[in-house]
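Thanks for coming. I have one structure to go through today, so please look at it while I talk.

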Amino acid sequence: MRKQRYLTLEKRLSVPFWTKLAVPLASIVAGFLFSAIFLLISGESPIEVYSVMFEGAFGSAYGLSETVVKMIPLMIISVGVAFAFKMQIWNAGGEGQLHIGAAAATYVVLHLNGCSRFVTVLLAFLAAFICAGIYGLIPAILKVKWKVNELITCLMLNYVATFFVAWLIQGPWKDPTGFAFPRTRKIPSAGELTTFFGTRIHTGLIIGLTIALVLWFVIYKTRWGFEIKLIGAKEKVARYAGMSVNRNILLVMFLSAGIAGIAGMVEICGITHRLQANFAAQLGSSGMTIAYLAQCHPLAAVVVSFLFGGLLVGGNTIQKLGLPVSTVQMIQGSILIFVAAGGMFTKYRIVRKERRLGND
């Protein structure tokens, strides 16, 4: 009787810590190596390109500060998205929620007069969080009431929010002194976030780190966090245990969307100081990528956001080599592909098996 040997995937009963650490790192390295092939085809030296990117992002005090500036909104939106992902709620609406939060914060700051900076920023923070949270409830309610896929509704609502903001800055909120540029007038100094060390790093960094720490504590140290993880892993078991799945869906989606709105607020009050076109280009999609790379861990999302911030700053630097910024998008895409593939080896392992084929 002949035997045939073959390779197959077998689900791991437990995932060792070294596997959780080694697989993502190896995947990122593989993404850079894969990108190097395209750089070679285009006639560029991968070593030179990566060296220029690294030097631009981390090789000077200015580059490092700009990396942190890019990191702040990415960190906030990715932590919020990861919170929803932890319960298998696919909040793909971070970009739209960010725009709603930015619009709400802009309205508050522009219409408050005579208030201190603390009061103005606090009210802008609350407005961004609440308005974006309510906007995020739309797909959550549709999911709870009629089982509508939240991924689809979130993606569609991104367009609604971005076009709504575009209408505001080209219509009723347009700066009359802005000539042909679609933007609002500059916010007063009372609405600006405090900066540090003579750089553009602002208090949004403290806000983002605080949010990440709070969500880490909630997810891993509280009973509610256990419920969230159980609902995400085994919803039927959670319902049998008496957990309110629908209520948790609404609450988690509200918080996730509200946090994305805060990312919009810190960009307006910390960097642009006005609502304008393309103020948050691709922050939503990058936030989802970071959340996935961090395996939905809030503290890991902080680290990955810093690396992505460096990738964006380094991408601007390589323009002096004659390469377009889209090169960075290609590198990001390569990394995501390999991390997604590597995630399979975190949950599964390759085993060798035999099967009988019958008599010769």
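R274 is buried, because its relative accessible area is 14% and the cut-off for buried is under 20%. Keep in mind that this is a predicted model. The side chain of R274 meets that of D175 in a salt bridge, at 3.7 Å from N to O. The two sit in distant parts of the chain: D175 is in the loop between α6 and α7, R274 in the loop between α10 and α11, and 99 residues separate them. D175 is buried as well, with a relative accessible area of 8%.

How many salt bridges does a search of the whole structure find? The number is 6. Another one of them joins the side chains of E66 and R200, at 2.7 Å from N to O. E66 belongs to helix α3 and R200 to the loop between α6 and α7, so this pair ties together parts 134 residues apart in sequence. Is E66 buried or exposed? At 9% relative accessibility, E66 counts as buried, while R200 is partly exposed at 39%.

E192 and K186 form a salt bridge too, with their closest N and O atoms 2.7 Å apart. Here E192 is buried, at 15%, and K186 is partly exposed, at 44%.

Now the nonpolar side. The largest nonpolar core has 86 residues, and I211 is among those with the most contacts inside it. Leaving out residues up to four places away in sequence, I211 touches I76, V79, I259 and I262.

Last, helix α8, residues 223-233. Its buried residues include I228, L230 and I231, and the buried residues of α8 pack against α3, α7, α9 and α10.

Key
Residues are numbered from 1 along each chain as its sequence is written. This is a predicted model: local features need pLDDT of at least 70, side-chain atom pairs count only at pLDDT 80 or more; totals for chains, interfaces and linings use all residues. Side-chain values use heavy atoms; hydrogens and water are left out. A nonpolar core is a set of buried Ala, Val, Leu, Ile, Met, Phe, Trp, Tyr and Cys residues joined through side-chain atoms within 4.5 Å. Buried means under 20% relative accessible area, exposed over 50%, partly exposed in between (1.4 Å probe, protein chains only). Contact means heavy atoms within 4.5 Å. Helices (H or I, at least four residues) and strands (E, at least two) are DSSP runs, numbered from the N terminus. A salt bridge is a side-chain nitrogen of Lys or Arg within 4 Å of a carboxyl oxygen of Asp or Glu.
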